[in-house]
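Here is my note on this model. Please keep the structure open as you read the points.

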Amino acid sequence: MNLGLSNLSNNHYLNYMSQQSKVTEQNNSVGFNGILSTKAAEKTAKTECSFKDMWQSRFPGAYYNVMDTAKIDNSLWGRNDYPWEKYFTNNADESVLDWKPSGAEPKMSDPKVQARISSTIGKKAIVVPPVLEEKMKSDPELAKKVMVGVENFIATQNAANPNPRKGFLIALDENGEIAHACVTSEKMTVSSSDMVEAYERRKERHDEYERMAEENVLKRKLLEKQEADRKDYINNMTQIAIDKYEKNTVL
């Protein structure tokens with residue numbers, strides 16, 4: 001009798017433990033899936049970060065301003081007295097977009113000009129038009145593309161002048177292209193829109209080289225196909241001649 005009760009208790013215990021194990025497995029599965037969902041959401045959030053996050057993550061301490069760069073007068077941007085330094089701050093005053101000179105252009109050696117240049121060395125600032133800002137918010141791929149262009153520009157300038165202490169000011173247009181740029185360093189003068197034009201010319205030459213390379217590949221493939229067709233034609237004509245000869249010989 002005692003043995004029967006003991007077996008019954010054991011069976012009940014085993015059934016209870018089996019049920020508890022299933023509940024635990026379900027809870028663990030839900031918990032694990034929840035963790036995966038959270039990690040995936042975090043990964044997505046990190047992947048689809050804003051252009052501002054990309055810029056300041058790539059260049060810590062860099063300044064970011066959303067302003068209508070179309071208002072910048074291209075003919076004034078390259079003047080020695082243009083207030084580039086006013087963009088090297090967060091929430092820059094938009095009145096700088098309408099800046100007009102108050103007199104003759106000072107020389108680069110002017111102490112005030114040099115002081116303003118020195119205040120930008122070692123810093124980076126970018127100006128993004130509101131239209132482009134909205135485009136990049138809804139198009140992460142565009143934001144990445146613009147960031148690549150900006151990084152390439154900075155890398156090109158660093159390669160041209162290896163001086164590590166530089167100041168970079170980049171103003172983008174509505175399409176994400178560099179409309180204006182200014183680079184300063186301890187051993188070079190401030191660059192103007194001419195530098196952007198030179199960069200664009202190098203970029204155009206690079207694009208032209210790529211286009212020519214693609215054309216050469218297509219031409220080579222066309223020639224290879226023509227040669228293959230020629231060989232096929234010769235082989236076919238040869239076979240026809242052989243068949244005709246053999247037929248006439250049999251007759």
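1. Start at the surface. Tyr-233, Ile-234, Met-237 and Ile-240 make up a nonpolar patch there, with about 410 Å² of accessible area together. Patch residues have over 30% relative accessible area and no salt bridge; like charges are joined within 9 Å, nonpolar side chains (Val, Leu, Ile, Met, Phe, Trp, Tyr) within 5 Å. Areas come from the Shrake-Rupley method with a 1.4 Å probe, and for residues only the protein chains shown count as cover. Met-237 sits in helix α7 (residues 193-250). Its relative accessibility is 41%, so Met-237 counts as partly exposed. The classes are: buried under 20% relative accessible area, exposed over 50%, partly exposed in between (1.4 Å probe, protein chains only).

2. A word on the source. This is a predicted model: local features need pLDDT of at least 70, side-chain atom pairs count only at pLDDT 80 or more, and totals for chains, interfaces and linings use all residues. Residues are numbered from 1 along each chain as its sequence is written, and side-chain values use heavy atoms, leaving out hydrogens and water.

3. Now go inside. Which residues have the most contacts inside the largest nonpolar core? They are Phe-51, Trp-55, Ile-126, Met-136, Val-150 and Leu-172, in a core of 23 residues. Such a core is a set of buried Ala, Val, Leu, Ile, Met, Phe, Trp, Tyr and Cys residues joined through side-chain atoms within 4.5 Å. Helix α6 (140-160) is among the elements that each supply at least two residues. The largest share, seven residues, comes from α6. Helices (H or I, at least four residues) and strands (E, at least two) are DSSP runs, numbered from the N terminus.

4. Look at Phe-51. Beyond its neighbours within four places in sequence, Phe-51 contacts residues including Tyr-64, Ile-126, Met-136 and Leu-172. Contact means heavy atoms within 4.5 Å.

5. Next, charges. The whole structure has six salt bridges, each a side-chain nitrogen of Lys or Arg within 4 Å of a carboxyl oxygen of Asp or Glu. One joins Glu-151 and Arg-58, with the closest N and O atoms 2.6 Å apart. Glu-151 is in helix α6 and Arg-58 in helix α2, so this pair ties together parts 93 residues apart in sequence.

6. Compare Glu-134 and Lys-137. Their closest N and O atoms are 3.5 Å apart. The two are three residues apart in helix α5, so about one helical turn separates them. Glu-134 is partly exposed at 47%; Lys-137 is exposed at 58%.
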